[in-house]
Amino acid sequence: MCGIIGFTGYLDAKNVLLDGLTALEYRGYDSAGIAFFHKNSIQTIKTTGKVSSLRDKVTSSSEFTSTCGIGHTRWATHGGVSDTNSHPHTFGRVTLIHNGIIENYHDLELELAALGKHPVSQTDTEIAAMLLDSLYEGDAVAAIKKAIKRLEGAYAFCILFADEPEVIYCLRNGSPLVACQTKEGSVIASDMVALIRYSKDYFVLPEMHIARLTKDNITVTDLDDVIINPKMLHVNWDMTAARKGGYPHFMLKEIHEQPESIRSTIAPRIKNKRLPDFSADEIPDQVFDHIHRIVIVACGTAMHAGLVGKVMMEKLLRIPVTVEIASEFRYQDPIIDTNTLLITISQSGETADTLAALRLANEHQSKTLSIVNVKGSSIARESDYVLYTHAGPEIAVASTKAYTAQLSCLYLIAYHFALIKGTITENDCVKQIEELQAVIPAIEKTLTLADEINKICLNLSEKEDLFFIGRGLDYALSCEGSIKLKEISYIHSEAYAAGELKHGTLSLVTEGIPVIALATQSNVYNKMISNIREVRAREALVILITNGESDVDSSIYDYHITLPKLSDTMAPFTTAVVLQLLAYYTSVHRGLNVDQPRNLAKSVTVE
Ligand code: M6R
């Protein structure tokens, strides 16, 4: 979604802003713009399309110099994609950029119209600029505080006031902002990827606090004007992690990073290489006391990780586990209480619906545990407990390494909780942990199948519809395979529990329709083979995936991908890698923008 960068300091602000916006491109956007002080007046340059087009426009305006400015990539919500609707927006003495949505913008617009003030764009953001300008009497903080009382919705703002050069004011409610202070100046952004070239140490601007950035200082105050010192955080990755590192796309790089990201996620949580240990995460065993039910809430791929987690947890814990789509859960009057453990899963830690579900659970006083990749993100901060996935920054919109890192955390939770509950023995747990560790070399081996998978994708890339089928854990993986393919190849696909096909969908299976059949689970293997025969009888093009060698009748498939043999419960890891590669190469063969698919955003901070 939209990206924010702000800088005031001792560097060329235009370059800082453009570099920041380039780093934020992965979030998904349709226009970009910057505003900066030039000789004490504010200049704005914006355009639809890519940051590179903005860079060209800025370069051709080389008469401007600046050391303070704000920049934005816009993902349209209110009003179409146009130069006018792009940020920054200026009204009177106020110029601002905004992430989020002002829900009551229409009411405010009517009020402002009564004062004879009219916007030129169709955006909610310009209304916020107009509101601030109407409240501004020379004291920026006072105007911001008055505006807060009027604004409804989620927002992060960076604001320039024309009569206060070289200063940026920032405020957030719901949408993230992170900041750092270096000898080169003060920098603020919507995520760490844009700050990393300046510092690995940063802080999250607390909600409903105002930050005032000057060249040498960032002051954060609460709404009573009390100065606070936000907690400093540190990331252990650097600029190289946010670059492609020789890969043609971030997605391919991130697929290949999975052995390392799983290792980094599980290693610190395995005591003496044997048993799960969450003490470094400050998760006491008592968290699991009196838990009668687990509810996993997430969106998209993170929700699909939850589907795998459910199978593992129910199997090991023998308590009910439900997986809920966050955007549905929050409006369902859910049955959760103090004996419920609510697990939220989110790469970004900022997904609006997942965050809202978490808040609801907190209201119900359920215990909340989140599995999050981004340190200090809203979901992490608002959960009782956090297990961070140590996947490093995930830049491609399609989630890959975050998914397998999420699975690793879910498996560790299942083992740890089962040990505490006494539903598995220590010996069994040690064995399972060994199996989990064996996933790492197995993924390395799976990655060597890339060429074979690439060839299959040449065929798939010409199709317009296909199916993923599987049973048990393979059904959960089918859901993930399907979303991955859809989002980056734009091929319509559906995931089906293989036994369900004949209850309606089989009518769509005709000659040449690809069916990606996952048959990694031994307890349903024979049933799965029967289901494959059903689609084969309708002349489907079958791509079979098995866990290790199989003596399956070769007449039932066109392609057979053999995964390195793992225990059934570990097969999701290697299967996921194959499905990611299938989606990746299909998208490449179709000549699409793999890392930034159309209409999608990396971090979905609006409902
Ligand atoms: O940041 P989150 O993990 O909360 O994001 C959830 C989904 O938006 C995300 O997984 C999405 O489905 C991916 N782009 C799929 O690859």
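From which domains does the lining of the largest pocket draw at least three residues each? I looked this up in a predicted model. The answer is domain 1 (3-235) and domain 2 (245-424).

**Entry 1: the largest pocket**

I noted a volume of about 700 Å³ for the largest pocket. I then listed its lining, which comprises 37 residues. Trp 237, Asn 373, Val 374, Gly 392 and Pro 393 are the ones that lie nearest the centre of this pocket. Next I checked the elements: strand S11 (201-204) and helix H7 (258-266) are those that give two or more residues to this lining. H7 gives the most, with three residues. Sorted by class, the lining of the largest pocket holds 14 nonpolar, 13 polar and 10 charged residues.

**Entry 2: the second largest pocket**

I put the volume of the second largest pocket down as about 540 Å³. Its lining has 24 residues, and Cys 299, Gly 300, Ala 601, Lys 602 and Val 604 are the closest to its centre. Which elements each supply at least two residues of this lining? I found helix H8 (300-317), strand S20 (340-346), helix H10 (352-363) and helix H15 (473-489). H8 accounts for the largest share, three residues. For the classes of the second largest pocket's lining I wrote down 10 nonpolar, 10 polar and four charged residues.

Methods
Residues numbered from 1 in each chain as written. Predicted model: local features only at pLDDT ≥ 70, side-chain atom pairs only at ≥ 80, totals over all residues. Heavy atoms only, no water. 1 Å grid on protein atoms, 1.4 Å probe; cavity = no way out; pocket = protein on both sides within 12 Å on 5 of 7 lines; lining within 4 Å. Points joined across faces, edges and corners; volume = space filled by probe spheres on them. Helix = DSSP H or I, 4+ residues; strand = E, 2+ residues; numbered from the N terminus. Nonpolar A, V, L, I, M, F, W, Y, C, P; charged D, E, K, R; others polar. Domains from an automatic or database assignment.
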